[in-house]
Number of protein chains: 2
Amino acid sequence: MRYKDAGVDLQKHNNIHEIAKMHVFKLSNELGSIIGGVGGYSPYMRIFGRELTLHVDGVGTKVQILSKFKKLDVAGWDCIAMNANDMACEGFRTLAFSDYIAMDSADEEGFEEIIKGMIDALRKVKAPLLSGETAIMPGIVSGKDVVCFALGSREIEFKNKAKEGDVVVGVESNGLHSNGYSLVRKVVEEKIGGYDREIEGLDLKVELTKPTFLYYNLIIESIKKDLINSAAHVTGGGWKKLKRVLGEVLDMNLSPPPPPQIFEVLLKYGEIPIEEAYSVFNMGVGLVFTTEKESLEELIELIERHSFRPVILGEVSKGSGLLKIEANKYGKNFVL
Amino acid sequence: MRYKDAGVDLQKHNNIHEIAKMHVFKLSNELGSIIGGVGGYSPYMRIFGRELTLHVDGVGTKVQILSKFKKLDVAGWDCIAMNANDMACEGFRTLAFSDYIAMDSADEEGFEEIIKGMIDALRKVKAPLLSGETAIMPGIVSGKDVVCFALGSREIEFKNKAKEGDVVVGVESNGLHSNGYSLVRKVVEEKIGGYDREIEGLDLKVELTKPTFLYYNLIIESIKKDLINSAAHVTGGGWKKLKRVLGEVLDMNLSPPPPPQIFEVLLKYGEIPIEEAYSVFNMGVGLVFTTEKESLEELIELIERHSFRPVILGEVSKGSGLLKIEANKYGKNFVL
């Protein structure tokens with residue numbers, strides 16, 4: 001089974017991004033030079049002597065599983081965490097957030113759980129929730145859709161580009177985080193036969209409702225201490241996101257550790273090809289740094305001080321923008 | 001028929017706002033004094049020597065009708081216009097926008113229409129689209145959900161409070177704008193029998209797909225020229241939104257003009273009580289200023305220069321925060 005079989009056509013999705021980019025480009029040119037980084041990962045505007053960015057991300061279809069198991073606080077937490085992790089990778093501090101929650105009914109209890117989860121994460125990133133909108137739209141939304149917008153400010157210049165010879169250091173994820181859930185749901189519903197069960201010793205309720213790790217403070221500190229050359233938050237697109245830090249003249253040569261068991265179960269029951277799995281899921285690694293050898297020890301210590309487990313994944317070499325992955329566990333090498 | 005009958009329970013919706021406010025308050029207190037106006041209409045943060053705000057609003061169920069009639073550019077336009085109008089009423093200029101579009105399939109053509117509409121409006125408010133997220137979520141979203149987030153900066157102090165003796169000046173709307181569509185859809189589908197028809201000489205396709213007027217530049221200019229004491233963008237909650245500028249010691253005494261015919265048709269076929277209509281729809285008036293008598297003539301000229309039609313609605317007197325409405329056309333006086 002592939003992501004496309006779950007109704008998610010990444011090619012079409014990419015086309016949509018290209019359409020948006022084209023129109024946004026044109027407008028930015030008209031408006032003059034206040035915009036920087038357009039077309040890159042985090043466009044920003046230069047204003048008030050600062051570089052400000054807006055970022056938006058939603059929790060997607062994971063919310064339906066969280067709702068089923070009454071863990072909606074995790075939806076709120078994830079919504080803040082995903083945005084904060086993404087922005088920190090580009091050197092932006094979060095200044096404030098805004099939320100949008102669409103629901104099929106005015107579920108006050110569920111709403112409060114979501115907000116509580118947001119507030120918990122906001123406290124960690126020290127940013128306020130400045131506004132919010134709740135739309136009750138039966139017939140348009142089934143269940144809930146949870147989306148957050150973030151305002152960020154870049155305080156330190158950070159290129160976020162890997163260098164030849166860099167060591168690639170992964171930081172463990174907390175399981176699935178919040179990407180690939182359309183595929184997860186399809187496998188669980190059609191191949192495993194439902195959510196309320198244990199499978200190969202794993203309680204699906206626990207595995208599918210874990211919060212996304214908040215790496216924000218670790219990333220910001222790594223940048224401030226000049227310990228890293230690049231940072232990638234592994235979300236939509238899985239490990240393919242690592243390619244962004246390579247440009248066109250470098251490769252990454254990676255030997256990932258065996259993924260946590262939930263991924264094994266999904267791959268097995270869903271008959272998901274290994275290349276597809278690394279293009280959709282984080283496979284146990286939620287954040288990837290590259291660092292120069294001299295900084296490696298200090299970076300490892302910092303990761304551990306933030307209570308995360310680091311793992312050496314490989315190194316950066318001359319190349320052509322490819323990820324070369326040796327998945328020893330699967331007896332297979334492949335290129336993304 | 002009432003708004004509640006269309007599945008929109010305003011009381012529950014208010015409860016949800018109160019829940020959010022409580023948690024947001026608590027966090028803001030913890031984070032210190034960077035936040036101003038919390039609990040008011042537009043909370044803002046003081047940072048970089050500026051007052052910045054984030055605002056969020058979506059086009060709601062109107063999108064389904066726009067989609068049906070292939071007018072999705074109006075969804076994009078409305079999304080920007082609604083946010084810009086709202087923010088301008090509090091004295092905020094729009095600096096940048098971000099969008100979130102959820103769809104049940106990767107409809108490239110529909111998506112491009114939406115973005116084109118956004119770009120048209122963004123050009124008028126001179127703000128860039130700094131980021132965007134597109135979520136393809138079949139099973140969670142039916143049709144499309146179009147949401148915009150805006151970053152604003154307050155450049156001129158504006159209290160947005162009416163004063164005793166102020167003249168109340170309305171600015172015509174372009175029909176329904178984008179509020180009350182859950183009720184509109186219920187009336188059209190259940191009482192009128194469908195969208196593809198003319199009724200009492202009105203083409204529903206035309207009436208229900210009109211873009212929201214962009215008042216942003218008019219409002220900003222009125223504030224800059226010190227021509228108004230308050231401004232209210234008539235959206236969700238209909239005319240009840242005017243109460244925000246009154247506080248607890250003033251009333252507005254209003255004699256609105258007869259509403260445009262589309263409202264008459266909806267009221268008649270939906271058997272919507274007149275008080276309910278003024279609490280849900282704009283009833284032909286999309287923006288309401290209050291101004292001192294000496295500024296009235298200049299304000300009227302400015303409104304006309306922006307190609308809108310002004311209408312004198314009444315005056316502000318001592319009172320207790322009430323809207324006293326004489327709906328002559330309906331032979332009825334009522335209080336909101």
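Student: What volume does the second largest cavity have?
Tutor: The second largest cavity has a volume of about 30 Å³, where a volume is the space filled by probe spheres set on grid points that are joined across faces, edges and corners. A cavity here is a set of points, on a 1 Å grid over the protein atoms alone, where a 1.4 Å probe fits but cannot get out, and its lining residues have an atom within 4 Å of a point. Keep in mind that this is a predicted model, in which local features need pLDDT of at least 70 and side-chain atom pairs count only at pLDDT 80 or more, while totals for chains, interfaces and linings use all residues. Residues are numbered from 1 along each chain as its sequence is written, chains are lettered from A and ligands numbered from 1 in the order in which they are written, and side-chain values use heavy atoms, with hydrogens and water left out.

Student: Which residues line the second largest cavity?
Tutor: Its lining is made up of Leu54(A), Ser98(A), Phe149(A) and Ala150(A), together with Leu54(B), Phe149(B) and Ala150(B). Strand β6 (144-154) of chain A and β6 (144-154) of chain B each supply at least two of the lining residues, strands being DSSP runs of E with at least two residues and helices runs of H or I with at least four, numbered from the N terminus.

Student: And how much space lies in the largest cavity?
Tutor: About 60 Å³ lies there, and the lining consists of Gly91(A), Arg93(A), Glu155(A), Ile156(A), Ile220(A) and Ile223(A).

Student: Switching topic, how many disulfides does the structure hold?
Tutor: Over all chains the structure holds zero disulfides, a disulfide being a pair of cysteine sulfur atoms within 2.5 Å. Cys89(B), for instance, is in no disulfide, and the nearest cysteine sulfur, that of Cys79(B), is 17 Å away.

Student: Is Cys89(B) buried or exposed?
Tutor: Cys89(B) counts as buried because its relative accessibility is 1%, given that buried means under 20% relative accessible area, exposed over 50% and partly exposed in between (1.4 Å probe, protein chains only).

Student: Where is Ser222(B) found, and what does it touch?
Tutor: Ser222(B) is found in helix α7 (residues 216-224) of chain B, and it is buried, with a relative accessible area of 0%. Not counting residues up to four places away in sequence, Ser222(B) touches Leu227(B), Ile228(B), Phe289(B), Leu299(B) and Leu302(B), contact meaning heavy atoms within 4.5 Å.

Terms used
On a 1 Å grid over the protein atoms alone, a cavity is a set of points where a 1.4 Å probe fits but cannot get out, and a pocket is an open set with protein on both sides within 12 Å along at least five of seven lines; lining residues have an atom within 4 Å of a point.
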